[in-house]
Amino acid sequence: MRKRLIVSAASALSLFLAVPASAADFQPGAAGIGDPYYPTYGNGGYRVSHYDIRLKYQPATDELEGTTTILATATQDLSRFNLDFALNVSEVRVNGRPAAFATSGEQELEITPARPLAKGSQATVVVRYKGVPSTVKKYGFTAWHRTPDGAVAADEPEAAWWWFPSNDHPSNKATYDVSVLVPDGNQVISNGVLTGTSSKAGWTRYSWRENKPQATYLATLAVGKFDITTDTTASGLPVYNAYSKDLGENADAARASVERTGELVDWLSGYFGDYPFSSVGGYVPNVPTGYALETQTRVFYSPKQFAKGTNTSVVVHELAHQWYGDSVSVSRWSDIWLNEGFASYAQFLWSEHENEGTAQELADYIYASHPADDPFWNVKPGDPGADNQFSSAVYDRGAVAIQALRNTVGDEKFFRILKGWPERKYGNATIAEFQAYAEKVSGQKLGDLFKTWLFTPGKPAVGPVAPGAATAALAPGARDEVGALVEPKSWKKIQEAHSVHGR
Ligand SMILES: [Zn+2]
């Protein structure tokens with residue numbers, strides 16, 4: 001006892017001299033970034049600015065080996081921090097030194113650096129790993145989709161865990177380099193621009209770069225055998241599209257839809273302003289899923305989207321997300337209306353352009369076709385809850401809310417809002433910030449409108465009409481000669497685009 005006292009007095013002195021006085025304040029970062037819908041998603045204590053993802057993938061066996069290098073900055077004095085990840089990790093280094101690591105929960109990788117990280121300091125984190133992603137289930141599912149000739153990572157809100165460790169939340173956007181080695185004869189599709197390919201000893205490396213901030217769920221990867229088309233839009237933007245070679249009878253309809261990407265992105269620029277990224281395109285892998293996803297610059301489409309023929313409406317929806325969702329991203333997942341309401345409204349505008357039903361007719365149709373006791377009206381698009389994040393109400397009632405906004409502020413101000421909002425490029429935003437912006441542009445108080453359409457369960461007493469208009473003033477053409485509701489021609493295609501995330 002006595003001896004120990006002497007030793008500790010001496011070590012306490014040296015400790016005092018060697019370590020900053022604040023050492024006691026170094027704490028573990030939180031296991032979640034603070035999103036009430038998904039408490040463990042993302043992490044606290046740091047921000048990532050860049051991911052360098054270097055992989056080797058064998059399509060025959062689904063074996064993936066990787067090294068991801070993360071550039072991060074500590075936002076607090078950190079003794080330990082988490083990444084979100086699902087594959088087996090063999091080594092972690094922080095600023096060059098081996099770091100201790102452990103797993104916890106479903107997807108937490110806890111990293112204890114050899115030296116704690118002071119607030120504001122930069123950290124380079126290297127994670128080595130390997131696994132067979134299709135066999136790794138988290139919360140009962142895998143977001144890694146096998147195809148006959150390879151695999152695809154594209155899902156929302158979680159997809160990254162199966163191929164790179166990350167701070168998995170849209171509020172921490174970063175730039176990406178993705179470089180993947182595959183057996184010769186396979187291709188790799190990812191976000192942004194293909195910066196190079198090289199072949200050696202039977203393997204080919206594909207290197208992709210997304211040079212604008214990107215949310216983790218918008219990072220995508222596909223390996224397989226694709227037919228590739230490249231072009232530039234009328235405005236000079238590079239287009240890169242890819243189609244699995246085995247799409248069968250959906251192949252032509254897929255091409256006849258996705259090959260219009262350049263035309264449609266230019267058309268959308270007329271409403272939303274300059275396209276925010278340096279490349280655009282889509283890919284259609286032979287996955288058994290049914291949904292499409294707005295993966296940044298390179299939209300993911302399931303072949304089922306084209307099983308009934310061409311669908312330019314879904315292409316418009318996913319391209320609209322490049323402004324509403326990808327460039328300006330949700331702050332929390334509860335802000336999902338900022339993504340889905342507007343991407344759905346873009347489909348209304350396309351329908352109007354194609355003479356397949358006006359935005360007003362579509363809004364009237366949705367309003368009138370759901371009776372007041374339909375559970376559809378129970379979902380609040382402005383805060384749907386995690387279970388209803390991708391409910392049809394977020395899309396449909398969400399788009400009707402935008403028509404109500406249009407009728408309230410008038411076309412001139414409405415289209416100024418629609419084009420002005422995406423000017424906050426590459427950031428994050430909340431619905432409250434959108435409301436404040438719409439109020440600023442329109443000079444009107446919009447609290448009641450937002451409350452009624454986005455934040456109150458139940459069918460609004462008055463449809464999407466201008467204030468003071470008669471309740472039952474449906475658009476001309478909304479009812480036929482015997483008074484029955486007329487389904488707008490575009491409706492089925494609009495709905496198909498909303499068949500999301502069927503697990
Ligand atoms: Zn969408």
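Pro213 lies in strand E15, which covers residues 203-214; helices (H or I, at least four residues) and strands (E, at least two) are DSSP runs numbered from the N terminus. This is a predicted model, in which local features need pLDDT of at least 70 and side-chain atom pairs count only at pLDDT 80 or more, while totals for chains, interfaces and linings use all residues. Residues are numbered from 1 along each chain as its sequence is written, and side-chain values use heavy atoms, with hydrogens and water left out.

With a relative accessibility of 25%, Pro213 counts as partly exposed; buried means under 20% relative accessible area, exposed over 50%, and partly exposed in between, using a 1.4 Å probe and protein chains only. Setting aside neighbours within four places in sequence, Pro213 is in contact with Lys173, Ala174, Thr175, Phe277, Gln296 and Tyr426, where contact means heavy atoms within 4.5 Å. If you look for Asp335, 122 residues from Pro213 along the chain, the two C-alpha atoms are separated by 19 Å.

Val48 is found in strand E2 (residues 46-58) and is buried, at 3% relative accessible area. Beyond its neighbours within four places in sequence, Val48 is in contact with Ile70, Leu71, Ala72, Asn167, Asn172, Lys173 and Ala174.

## The zinc site

Now to the metal. The zinc ion is coordinated by His317 (NE2), His321 (NE2) and Glu340 (OE), at 2.0 to 2.1 Å. Here donors are N, O and S atoms within 2.8 Å of the metal (3.2 Å for Na, K and Ca), and water is not among the atoms, so sites may look incomplete. Along the chain, the donors follow the spacing H-x3-H-x18-E. His317 in helix H4 (residues 312-323) and Glu340 in helix H5 are 23 residues apart, a pair that links distant parts of the chain.

Both ends of that pair can be checked for burial. His317 counts as buried, at 1% relative accessibility, and Glu340 is buried too, with a relative accessible area of 2%.

Helix H5 runs over residues 337-353 and has 17 residues. From first C-alpha to last it reaches 23 Å, close to the 24 Å expected at 1.5 Å a residue; the expected span is 1.5 Å times one less than the number of residues. Because 15 of its 17 residues are buried, H5 is largely enclosed by the rest of the structure. After H5 comes Asn355, with a positive phi near 55°.

The axes of H4 and H5 come within 8 Å and cross at roughly 135°. That makes H4 oblique to H5. Angles under 35 degrees count as roughly parallel, over 145 as roughly antiparallel, 65 to 115 as roughly perpendicular and the rest as oblique.

## Helices H6 and H7

Another helix pair is formed by H6 (residues 359-369) and H7 (residues 392-409), whose axes come within 9 Å and cross at roughly 130°. H6 and H7 are therefore oblique to each other. In this pair, Ala359, Gln360, Ala363 and Ile366 of H6 meet Asp396, Val400, Gln403, Arg406 and Asn407 of H7.

Key:
Axes are lines fitted to C-alpha atoms, for helices over the stretch in contact, and angles run from 0 to 180 degrees between N-to-C directions.
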